[in-house]
Amino acid sequence: MKDLVLLTRHGCRKTAAMLTNLDAALEAQGWPPGCQRLDIGTLPASDPRTGYPTPTLLYQGNDVFGMPVPQPPFDVPS
């Protein structure tokens with residue numbers, strides 16, 4: 001589904017669980033499994049998506065849990 005984007009980064013331990021739960025939720029809705037995956041480490045530092053914690057699920061560019069778009073300066077992932 002192209003409107004659904006999972007933001008992650010190399011070494012994010014929660015990404016696998018998020019993908020498992022996401023696929024189950026999509027299946028329960030009768031939607032096809034899967035989403036785009038985006039490693040925020042590959043984005044330019046000026047991209048607001050780098051300010052989200054990982055994993056974060058965006059639908060049509062918005063966080064599915066209502067987190068606002070991060071504003072600079074963005075936190076450095078730990």
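In which loop does P55 lie? Select P55: this residue lies in the loop between β2 (36-39) and β3 (56-59), where strands (E, at least two residues) and helices (H or I, at least four) are DSSP runs numbered from the N terminus. The model is predicted, with local features requiring pLDDT of at least 70 and side-chain atom pairs counted only at pLDDT 80 or more, while totals for chains, interfaces and linings use all residues. Residues are numbered from 1 along each chain as its sequence is written, and side-chain values use heavy atoms, with hydrogens and water left out.

The peptide bond that joins T54 and P55 is cis, with omega about -5°.

Remain in the loop between β2 and β3 and select D47, which is also placed there. D47 counts as buried, because its relative accessibility is 13% (buried is under 20% relative accessible area, exposed over 50%, partly exposed in between; 1.4 Å probe, protein chains only). Then display R49: its side chain makes a polar contact with the side chain of D47 at 2.7 Å. Such a contact is a pair of N or O atoms within 3.5 Å; within protein, one must be able to donate a hydrogen and the other to accept it, and residues adjacent in sequence count only if both atoms are side-chain atoms.

Next, show the strands. An open sheet of 4 strands has the order β2-β1-β3-β4, with mixed pairing (two strands pair if DSSP finds at least two bridges between them). β2 and β4 are the edge strands, each pairing on one side only. β1 and β2 run parallel and are joined by 4 bridges; V5 stands opposite Q36 in β2.

Select Q60 in the loop between β3 and β4 (62-63). Its phi is near 50°, a positive value in a residue other than glycine. Q60 counts as exposed because its relative accessibility is 52%.

The largest nonpolar core has 8 residues: L4, L6, M18, L19, L22, L26, C35 and L57. Such a core is a set of buried Ala, Val, Leu, Ile, Met, Phe, Trp, Tyr and Cys residues joined through side-chain atoms within 4.5 Å. The elements giving two or more residues to this core are β1 (4-8) and α1 (15-28), and α1 supplies the largest share, 4 residues. A second, separate core of 7 residues includes V5, L38, L43 and Y52.

Finally, centre on L57. Leaving aside neighbours within four places in sequence, L57 is in contact (heavy atoms within 4.5 Å) with residues including L4, M18, L22 and V64.
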